[in-house]
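I opened my notebook to record what I looked up in this model.

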Amino acid sequence: MLALILQLPEHTAPANALDLRETGIQLTYLAACVLFILGLYSLTKPARAQRGMQLAAVGMLLAIIGTLLHRDIVRFEWIIGGLLLGTAIGYPLGMFVPMTAMPQRIAVSHMFGALAATLVGVAEYQLHHGGPPRATMAALGFEVLFGALTITGSFMAFGKLQGFITGTPVTWKGQNAINLTLFAATFGIFVYLVVSPDHPVLFYAMVAMSLAIGVLMVLPIGGADMPVVVSLLNSYAGLAASATGFAIGNTVLIICGALDGASGFLLSVLMSKAMNRSFGNVLFGAFGAAPTGSAAAEIGDRTVRSVSAEDVAVQLAYARQVIVVPGYGMAVAQCQHQVRELATLVEKRGGEFKYAIHPVAGRMPGHMNVLLAEANVPYDRLYDLEEINDQFEQADVVLVIGANDVVNPAAKTDPGSPIFGMPILNVDQAQSVIVLKRSMAAGYSGVENELFYHPRTSMLFGDAKSSLQQLISDIKEV
Amino acid sequence: MTITLLFVFVLAGFVGYFVITRVPPLLHTPLMSATNAISGISLVGSLVLAGSNRGTLATLLGFVAVTAATINVVGGFLITDRMLKMFKQRLPGAAQGDGEAKALPGGNGKAPRAEAR
């Protein structure tokens with residue numbers, strides 16, 4: 001290994017042949033990149049994933065140690081202070097945040113990532129007296145543009161998920177025009193700065209406008225569209241990090257930013273596909289895509305069938321095949337443990353218990369999987385949309401817990417519906433559908449759900465957690 | 001130099017795209033927190049900023065950036081680990097498919113290799 005380090009400079013960088021220190025730093029970065037990619041690759045197999053990500057953490061440690069050897073670093077008090085403070089805040093965020101709060105936790109971390117990138121960008125601009133060279137300016141511009149809008153956008157997403165900012169879309173007249181104008185103006189300043197970088201006032205105006213764009217972009221987006229927004233912000237945070245790498249000439253930043261950007265991009269594409277929305281529609285922050293609910297079908301004089309927990313318990317006790325469709329409501333009611341307990345009881349009686357997970361169920365990609373895994377549901381019982389959709393025909397009972405739009409048949413039958421074309425779970429093909437629901441309120445898209453009036457559907461009204469607890473005690477007595 | 005960096009960016013993007021395409025929806029949330037932790041690598045840029053003697057503003061911004069990036073690194077890796085531990089349970093046949101992992105370093109060497117220059 002030592003021989004390798006000694007040789008490398010001669011072959012690859014003759015200009016600074018004696019620069020062992022720089023080579024050493026770069027080698028730690030190389031090791032970090034390899035470990036990061038292996039870590040991400042390990043996520044393709046659940047059983048190997050934990051080990052792989054632990055190796056990635058080792059890679060991060062290597063990169064940090066390598067960086068501390070950098071010759072520009074002459075004082076350590078602020079570094080140590082930042083590392084300690086960051087650890088003090090990061091540790092509880094990592095160890096004690098419950099799985100139910102995961103979407104807002106992820107949104108917050110996008111904010112911190114973008115904040116770090118933006119601050120480095122602002123400082124780099126400030127340090128170039130007379131303005132940076134054009135190529136650097138272009139990178140810095142991208143960095144603060146993406147960074148700043150991710151900071152406020154993520155904060156807004158955090159607020160909506162945490163509930164201190166309204167989850168319903170906030171819209172007003174001319175909103176699209178205003179947003180697009182602001183976006184165009186900001187981009188115009190960016191282009192002008194690349195041509196003529198020495199305009200600090202314009203630079204800070206651009207940062208401020210990006211911050212505003214982040215707020216305006218997320219305001220009109222409803223709670224149910226959050227999976228797309230969170231993935232998109234993931235991508236933006238990555239692009240900002242990558243741009244930092246271009247600005248300071250650091251490859252490890254570019255690579256990690258690109259990995260992050262690609263991941264977020266891919267997830268947003270998957271999420272938008274699962275909602276049958278074009279990617280362009282999503283890229284522009286779902287401008288104007290906020291469903292209005294005006295297309296809600298008339299209810300007429302149809303009636304819903306209400307059912308008691310006792311009856312449901314009897315059905316479940318004798319069912320051979322039960323499929324649960326969880327939705328955001330399960331996360332809100334925090335009843336994943338009760339679902340699991342119910343599953344154990346059904347399985348004891350010889351029934352089969354499966355979970356059907358729609359890609360956009362919940363508030364972020366994979367939300368339901370994490371919640372159910374927390375409740376010790378084996379992951380081979382969790383089925384994707386494509387895997388399970390043929391199996392509803394054979395199901396005796398389907399339990400819909402806090403899901404609405406993802407089981408709405410209007411997505412297939414009503415071209416006028418805002419969710420028309422969205423792939424849904426075919427629960428209406430089951431023998432019996434039990435919907436656990438608080439009241440008859442419409443889903444987050446504001447669309448009336450035909451499923452509730454379906455002849456094979458019964459409604460079990462009430463809080464999902466207490467309904468499930470009732471079911472558990474009833475089924476024990478059957 | 002900039003063009004070389006652009007090569008690195010595009011190739012790393014491809015590697016990321018093809019690796020992440022294979023991540024099952026089951027692990028999409030851990031994937032997000034993992035990429036978050038990894039993007040905490042912006043700590044590298046922040047550390048140099050906070051530790052170099054380039055004026056009070058740079059040090060101060062660097063300090064805040066180090067703090068923010070450290071939150072992501074520490075919190076991100078810890079929470080990913082917590083989640084993945086839940087998915088690891090009861091799968092005794094974990095050895096299957098390890099052959100694919102061995103094939104990886106060579107295949108993915110492209111982008112990181114440019115790093116050494």
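**Entry 1: ground rules.** I am working with a predicted model, where local features need pLDDT of at least 70, side-chain atom pairs count only at pLDDT 80 or more, and totals for chains, interfaces and linings use all residues. Residues are numbered from 1 along each chain as its sequence is written, while chains are lettered from A and ligands numbered from 1 in the order in which they are written.

**Entry 2: the two chains.** I looked up the secondary structure of chain A and found 18 helices and six strands. Chain B has six helices and zero strands. Its pattern along the sequence is α-α-α-α-α-α. Helices (H or I, at least four residues) and strands (E, at least two) are DSSP runs, numbered from the N terminus.

Next I checked burial. A residue is buried if 20 or more other C-beta atoms lie within 10 Å of its own, exposed if 12 or fewer, and partly exposed in between; C-beta atoms are placed from the backbone. Of the 478 residues in chain A, 55% are buried. Of the 117 residues in chain B, 58% are buried.

Then came contacts (two residues whose C-beta atoms, placed from the backbone, lie within 7 Å). I took contacts in chain A between residues at least 6 apart in sequence, and 78% of them join residues at least 24 apart. In chain B, residues 24 or more positions apart account for 69% of the contacts with a separation of 6 or more.

**Entry 3: where A meets B.** How many residues of chain A are in contact with chain B? I found 106, against 88 residues of chain B. Helix α5 of chain A (residues 102-127) gives the most to the chain A side, with 16 residues. By class, that side has 67 nonpolar, 31 polar and eight charged residues. Ala, Val, Leu, Ile, Met, Phe, Trp, Tyr, Cys and Pro count as nonpolar, Asp, Glu, Lys and Arg as charged, and the others, Gly among them, as polar.

**Entry 4: helix pairs.** I looked at α9(A) (residues 226-248) and α2(B) (residues 28-39). They pack at an angle of about 20 degrees, with their axes 10 Å apart. Axes are lines fitted to C-alpha atoms, for helices over the stretch in contact, and angles run from 0 to 180 degrees between N-to-C directions. The two helices are therefore roughly parallel. The contact involves A:N234, A:A237, A:G238 and A:A241 of α9(A), and B:M32, B:T35 and B:S39 of α2(B). That contact has three nonpolar, four polar and no charged residues.

Angles under 35 degrees count as roughly parallel, over 145 as roughly antiparallel, 65 to 115 as roughly perpendicular and the rest as oblique.

Entry 5: Helix α14(A) (residues 336-348) has 13 residues and reaches 19 Å from first C-alpha to last, close to the expected 18 Å. The expected span is 1.5 Å times one less than the number of residues. Its buried residues include A:V339, A:L342 and A:V346. Just after α14(A), A:G350 takes a positive phi of about 95 degrees.

Last, I found A:N276 in the loop between α10 and α11 of chain A. Is A:N276 buried or partly exposed? A:N276 counts as partly exposed, because it has 13 C-beta neighbours inside 10 Å. A:N276 touches A:G421, A:M422 and A:P423, not counting residues up to four places away in sequence.
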